Amino acid sequence: MKGRPRASQAALPRAPLDLPHSCGFRHAELEDAVLAAELPPPCSVAVIRAYRLVVAWARSPDAWTAPGQTTLFGWERRAWQSSDNEMPVWAPLATIASELGNPATADAQWLALACTALSRWAQGLGAGGTAALFAEAAAFACPADPWFACAAGDLHGRQGRPREAERWLRRASKVAVWTRNWDAQAAALGRLGTLAREAECHGDAEKLLLSALRVAKRAGLRQRLPAIWRDLFLLADASGNLEEAERCAREALNAGGPDNPGLPALAREMASIWVRHAYFARALRVLRALLRHLATPRDRLNAAACSARAAGAVGDEQAFRQAWDEAWFLAGSLGVRLRTEDALALALGALDLDLASEASKALGAVVASAAGHSEEALAHQVQAALVRPQTKEREALRRSAGIRAQHPGDVLADRLAQALEKRADAPGCTGSLAA
Amino acid sequence: VSRAAPAGTPRTLLLLDSPALRPFTFMRGEYRVQVLGWEALITAARHAPPSAAVLVDGFTYREPEPDPRLEQLLQAAPSLPVLVAFDLASAQAPGVRLLADLGVSDFVDLPIEHNPSTLLVRLQSTHARPFKRRLEKGLPDISPQALTLVAGAAGVAADGGLSTALAREFGVNERTLSGWCARAGLPSPRRLLAWQRVLLALALLEEPWRTVQDTARAVGYTDDSTFRRAGAALLNQRLSRGNPSFDVALAAFRAELKNVCPVREPSRPATRGAGCM
């Protein structure tokens, strides 16, 4: 009788460098020791056995011989007892036992899903190594599904293992091409681009992100575009190219619209860049609209301090007062720690408006928060906060000449603010806390 | 015993004479099994070629601590993969951690993995593991593709194979393999393999009971003078026991990789102020 076809046996390209199975390079540590060190004692043995069984089966599904139904069901029963009847552990273990009990009909997809469930359970326990190993086991069990490899790469990336992440994401990208899964390919290339950007390999990052963009556009994957444009925007900023960063931010906004969940982060980063480049009017416009979208008091305090600084620079005392009150409310009533750069931003805003007492209070906070910092770090922050006067003068000149709305950067600021204001209608948005 | 096996010859599995390990006596194919008692096993492991593996049974429920002879074996054969068979349910997680700390390459969970085909998968995945482990630790910044090629070359070097065997390992011809090496920022397959042989020989020579002559033959050289010439060509110095050390030679290999392909170096970071956010 013919059994169900195995997804793991789907024909994959002969690419031992990108699809390493038998020749995978991971020898620095005994994987089982990682599991043994991280897992709680009652169920660790059952989980280690599950990992070993799946990986041994995945290495050579045809040559693998089942330990026998009796042995596996005995193991499953002990797993149920030792896992303290905890369903998140026992259910995937039972799935693995039932699938591997009869290897001829074992379904790779089910095995991979069981491993993914164990990976998530381990993440919940804070067992990062175990979570990564089970994510890899899922990708090994079902090598023809690029999403499992992508998930393994993503997990390694989040846990600060870029080399492992790259290996799995490259594998995901190759498998995605082979199985014509363009969504997974765009996701894997985008994530690889992010990794390269984080490693400051700007050339590689640009190539990968542009590839991801091409794939997403060709396959009509509009939902992937905002994240890729945002990465390109961050890349342009890291390269110091403001115009390119603005262009990428504009594209991200066009692709995602006001409902894009990444819009507040994009607006926040764009405003930060404008503050750094002394385009205070643009930054202020965006920051005022952004404030109500920031969830954590820490982020709100940072945005309020930036708003105060920008408001001071453009001479808008009312906006300064509002941002000032908000910042001190958060720092005082909610007990959020005022960081040096926030205090410095408040002080610079006050100094621009010649508000001596406010400047004195903020500078006092700078001194208090700088305690424990090295002089070098403090000097660096002050240097970064001080703006080139000629840039500020140039903007004031342009504003007075009435050409503000014509500059693409100003148009972008208006569009970002409008998009954020549209989002403000969404339930759960709150206004200023200090008001 | 220490001579590298010609291509196609089975690798050696040194198996402890123990009732629990009887099923593995009937291993076929890639491994030739030698069943020995503890003393003979330790002696054989001292001089075994780097392609060999050892499987012992030194961990039982009544004895939660490993057999002292296991530690003796691990000291006698630091360059061979040593696998320990036991019942995981009896040893529990601390047992696994203890074995890993001791330097065991892998273990066999006897109640579940009692058939020879499962052991074969384990043996293949642990082939030359101690050497590969040292390489992996010493090469932290090369690409995953390059690491896979280096691992393949290390495995072939342990078997005493040539670059044709390396190409066969990846299922391609030598020309394709050369292209892969170039793209991965590695020297040519022949040179890569020569490096792995020399590095493996230097690792083996850290064991004082191995002679230069035997070590050279164990990694595939016809005699010690061929090994010395190959080493001198790669390292620009005359080879002798302990000079250069494995770590110095690995550093030279890393330096060569950087010269072949410096693409893994991060680009110059843009100057960026702390900013407000």
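Predicted model: local features only at pLDDT ≥ 70, side-chain atom pairs only at ≥ 80, totals over all residues.

Visitor: Why is the pair of B:Phe170 and B:Trp180 called edge-to-face?
Guide: Two rings count as a pair if their centres lie within 6.5 Å, and as edge-to-face if their planes are over 60 degrees apart. For B:Phe170 and B:Trp180 the centres are 6.2 Å apart and the planes stand at 80°, so the pair is edge-to-face. The pair links distant parts of the chain, with B:Phe170 in helix H7 (residues 163-170) of chain B and B:Trp180 in helix H8 (residues 174-183) of chain B, 10 residues apart. Both B:Phe170 and B:Trp180 are buried.

Visitor: What makes B:Phe131 and B:Phe246 an edge-to-face pair?
Guide: The ring centres of B:Phe131 and B:Phe246 are 6.3 Å apart, within the 6.5 Å cut-off, and their planes at 70° are over the 60 degrees required, so the pair is edge-to-face. B:Phe131 belongs to helix H5 (residues 129-138) of chain B and B:Phe246 to helix H12 (residues 246-260) of chain B, so the pair ties together parts that are 115 residues apart in sequence. B:Phe131 and B:Phe246 are both buried. Over all chains, the search finds nine aromatic pairs, and elsewhere ring pairs join A:Phe320, A:Trp324 and A:Trp328 into a cluster.

Visitor: How do you know that B:Arg134 lies over the face of B:Phe246?
Guide: The label requires CZ of Arg to be within 6 Å of the ring centre and within 35 degrees of the ring normal. B:Arg134 is at 4.1 Å from the ring centre of B:Phe246 and is assigned to its face. In chain A, the charged end of A:Arg218 sits over the ring of A:Trp182, at 5.8 Å from its centre, a value that is also within 6 Å.

Visitor: Why is B:Ala128 called buried, and what is noted about its phi?
Guide: Buried means under 20% relative accessible area, and B:Ala128 has 3%, so the label applies. B:Ala128 is found in the loop between helix H4 (116-125) and H5 of chain B, and its phi is positive, about 55°, although it is not a glycine.

Visitor: What makes A:Asp354 exposed?
Guide: The cut-off for exposed is over 50%, and A:Asp354 has a relative accessible area of 67%, so it is exposed. A:Asp354 is placed in the loop between helix H17 (340-352) and helix H18 (356-370) of chain A, and its phi, near 60°, is a positive value in a residue other than glycine.

Visitor: How do you know that B:Ser105 is buried?
Guide: B:Ser105 has a relative accessible area of 1%, which is under 20%, so it is buried. Its place is in the loop between helix H3 (88-102) and strand S5 (106-109) of chain B. Leaving out residues up to four places away in sequence, B:Ser105 touches A:Leu30 of chain A, and in chain B it touches residues including B:Pro81, B:Thr126 and B:Arg133.

Visitor: Why is A:Cys115 said to be in no disulfide?
Guide: A disulfide needs two cysteine sulfur atoms within 2.5 Å, whereas the nearest cysteine sulfur to A:Cys115, that of A:Cys142, is 10 Å away. The structure holds zero disulfides over all chains. A:Cys115 is buried, with a relative accessible area of 0%, and A:Cys306 is likewise buried, at 0%.

Visitor: Which residues touch the most other members of the largest nonpolar core?
Guide: Of its 178 residues, these are A:Trp274, A:Leu416, B:Leu55 and B:Leu73. Helix H2 (residues 41-59) of chain A gives the most to this core, with 12 residues. A second, separate core of 49 residues includes B:Leu139, B:Leu200, B:Leu234 and B:Leu257.

Visitor: Where does pLDDT stay under 50 in chain A?
Guide: pLDDT stays under 50 over residues 1-9 and over residues 427-435 of chain A, while chain A averages a pLDDT of 79 and 76% of the residues score at least 70.

Technical notes: Residues numbered from 1 in each chain as written. Chains lettered and ligands numbered in written order. Heavy atoms only, no water. Buried < 20%, exposed > 50% of the residue type's maximum accessible area, 1.4 Å probe, protein only. pLDDT = per-residue confidence, 0-100. Contact = heavy atoms within 4.5 Å. Core = buried A, V, L, I, M, F, W, Y, C linked by side-chain atoms within 4.5 Å. Helix = DSSP H or I, 4+ residues; strand = E, 2+ residues; numbered from the N terminus. Phe/Tyr/Trp six-rings, centres within 6.5 Å; stacked < 30°, edge-to-face > 60°.
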